[in-house]
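Hi there,

Here is the structure I promised to pass on.

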Amino acid sequence: MQSLRDEDDTFKPKPITFIDSNIAHIYANSKRAKDEFPGYPAGLLRAVSLARRLLDPLPEIAGLCNQDNEISSLQLHWLKELVPKDQLQARLERPFLAVVNSVGVEINRVLDHKWTEPLLQFVCGLGPRKAQALLQSLRGRVRARKDLQKVLGPCVYTNVVAFL
């Protein structure tokens, strides 16, 4: 029996990763999830969110910073409700600005994987409206950063190019 276990791959221990599912629950109930996967059950939407978070947590969490202010749904502190909503939103978005601009955003990855689009709004010089305009105007892959200058214009390009 022991020799069978040594030869058979099914008895080898499998890696297990524990992850908090609060973000997955928020995503499953969001408009973004309904737009990406219409008609999918909530359990499957949570699984998609958890898998994305294991692959790359930054875009999955950044997706909660949207017009619906879903990031404030996270229970981060028991006194959170005492902070004014606009001030809370600004304080919760500040770390995303710092982290996204320190690691940068690969524009071709954003074009290939729609779920990473929320990162663009945190690139210095863009913001939500310019990020959406950039995504709508880009067609196909970006071969060189100079290609972005035609789309963004010289001033915005100068501000953005170091982070893309």
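**What I found**

Leu45 counts as buried because its relative accessibility is 1%, where buried means under 20% relative accessible area, exposed over 50% and partly exposed in between (1.4 Å probe, protein chains only). Before going further, please note that this is a predicted model, in which local features need pLDDT of at least 70 and side-chain atom pairs count only at pLDDT 80 or more, while totals for chains, interfaces and linings use all residues. Residues are numbered from 1 along each chain as its sequence is written, and side-chain values use heavy atoms, with hydrogens and water left out.

**Around Leu45**

Leu45 sits in helix H4 (residues 42–55); helices are DSSP runs (H or I, at least four residues), numbered from the N terminus. Leaving aside residues up to four places away in sequence, Leu45 touches Tyr27, Ala28, Ala33, Lys34, Phe37 and Tyr40, a contact being heavy atoms within 4.5 Å. Lys34 is 11 residues from Leu45 along the chain, and their C-alpha atoms are separated by 8.8 Å.

**The cores**

The largest nonpolar core has 31 residues, and those touching the most other members are Val105, Leu120, Val123, Leu126, Leu134, Leu148 and Leu152. Such a core is a set of buried Ala, Val, Leu, Ile, Met, Phe, Trp, Tyr and Cys residues joined through side-chain atoms within 4.5 Å. Among the elements that give two or more residues to this core are helix H2 (22–28), helix H8 (127–137) and helix H9 (146–152). H6 provides the largest share of this core, 4 residues. Apart from it lies another core, of 6 residues, and Leu45 is among them, along with Tyr27, Ala33 and Phe37.

H6 has 19 residues and spans 28 Å from its first C-alpha to its last, close to the 27 Å expected at 1.5 Å a residue (the expected span is 1.5 Å times one less than the number of residues). Its buried residues are Leu88, Gln89, Leu92, Phe96, Val100 and Asn101, and the buried residues of H6 pack against H5. Gly104 follows H6 and has a positive phi, near 80 degrees.

The loop between H5 and H6 holds Ser72, which counts as buried because its relative accessibility is 15%. Ser72 touches Lys80, Leu88 and Leu92, not counting residues up to four places away in sequence. Trp78 lies in the loop between helix H5 (57–62) and helix H6 (85–103), but counts as exposed because its relative accessibility is 68%.

**Salt bridges**

There are 6 salt bridges, counted when a side-chain nitrogen of Lys or Arg is within 4 Å of a carboxyl oxygen of Asp or Glu. One of them joins Arg109 to Asp56, with the closest N and O atoms 2.8 Å apart. Arg109 lies in helix H7 and Asp56 in the loop between H4 and H5, so this pair ties together parts that are 53 residues apart in sequence. Asp35 pairs with Lys31 at 3.0 Å between the closest N and O atoms; both lie in helix H3 (residues 31–36), 4 residues apart, about one turn of the helix. Lys80 and Glu81 also meet in a salt bridge (3.8 Å, N to O). Lys80 is buried, at a relative accessible area of 7%, whereas Glu81 is exposed, at 55%.

Best wishes
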